Amino acid sequence: MSLKYAVLAALLEGEASGYELSKSFDVSLANFWPATPQQLYRELERLAQDGLVRARTVQQERRPNKRMFTLTEAGRAELGAFAAEPPKRPTAVRDELLIKIQAMDGADPEVTRALIEERRVWARGKLDRYRRLRDRLLDGRTEEEYLRTCDRVGPYLTLMAGIGFEEENLRWCERALAVVRRRVAGS
């Protein structure tokens, strides 16, 4: 899959500037499809050239003009066709920390512990952000009420995947830290 479809999916929320899109990526899509702001801007330009998004310039006082992007009917049709296709390949985890853990037996266990602790802090921070986003979406409603009345269910389901992913990261970190502590104590 290319960044193209992630950008088109993000624009289902409505018109957005490149900056706004970058911020929405940080809280909604970055867990499973990260992109830098530069990548997003380049992709938006390609999508506009291909007629999948429409760009308009908004004049601003005291700030540079900004470009706002919206999906075109062609963009919606392409996104719909993409959503109907089965994924081309299963998910693959590419995680540098896991390579370091694989090689940890010849390394300083305190360094390994610090690396896992850093991951735990990072995962807890992401999980907290995801939970705050979920609370904002629910806005006092139960999950069932929200899912019954919301316009789009996809963003909520992907948010739940992000929450589950970070919860599992935290569980793994706790287990890995316990193993490293026992190994150090047994030395």
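Analyst: What follows describes the sheet and the pairing of its strands. The model is predicted, so that local features need pLDDT of at least 70 and side-chain atom pairs count only at pLDDT 80 or more, while totals for chains, interfaces and linings use all residues. Residues are numbered from 1 along each chain as its sequence is written, and side-chain values use heavy atoms, with hydrogens and water left out.

The sheet is open and holds 3 strands in the order 1-3-2, with antiparallel pairing; strands here are DSSP runs of E with at least two residues, numbered from the N terminus, and two of them pair if DSSP finds at least two bridges between them. At the edges lie strand 1 (16-17) and strand 2 (53-58), each of which pairs on one side only.

Strand 3, residues 66-71, pairs with strand 1 in the antiparallel sense over 2 bridges, and within this pairing alanine 16 has phenylalanine 69 of strand 3 as its bridge partner. Strand 2 also runs antiparallel to strand 3, to which 6 bridges join it, and here alanine 55 stands opposite phenylalanine 69.

How values were computed
Helix = DSSP H or I, 4+ residues; strand = E, 2+ residues; numbered from the N terminus.
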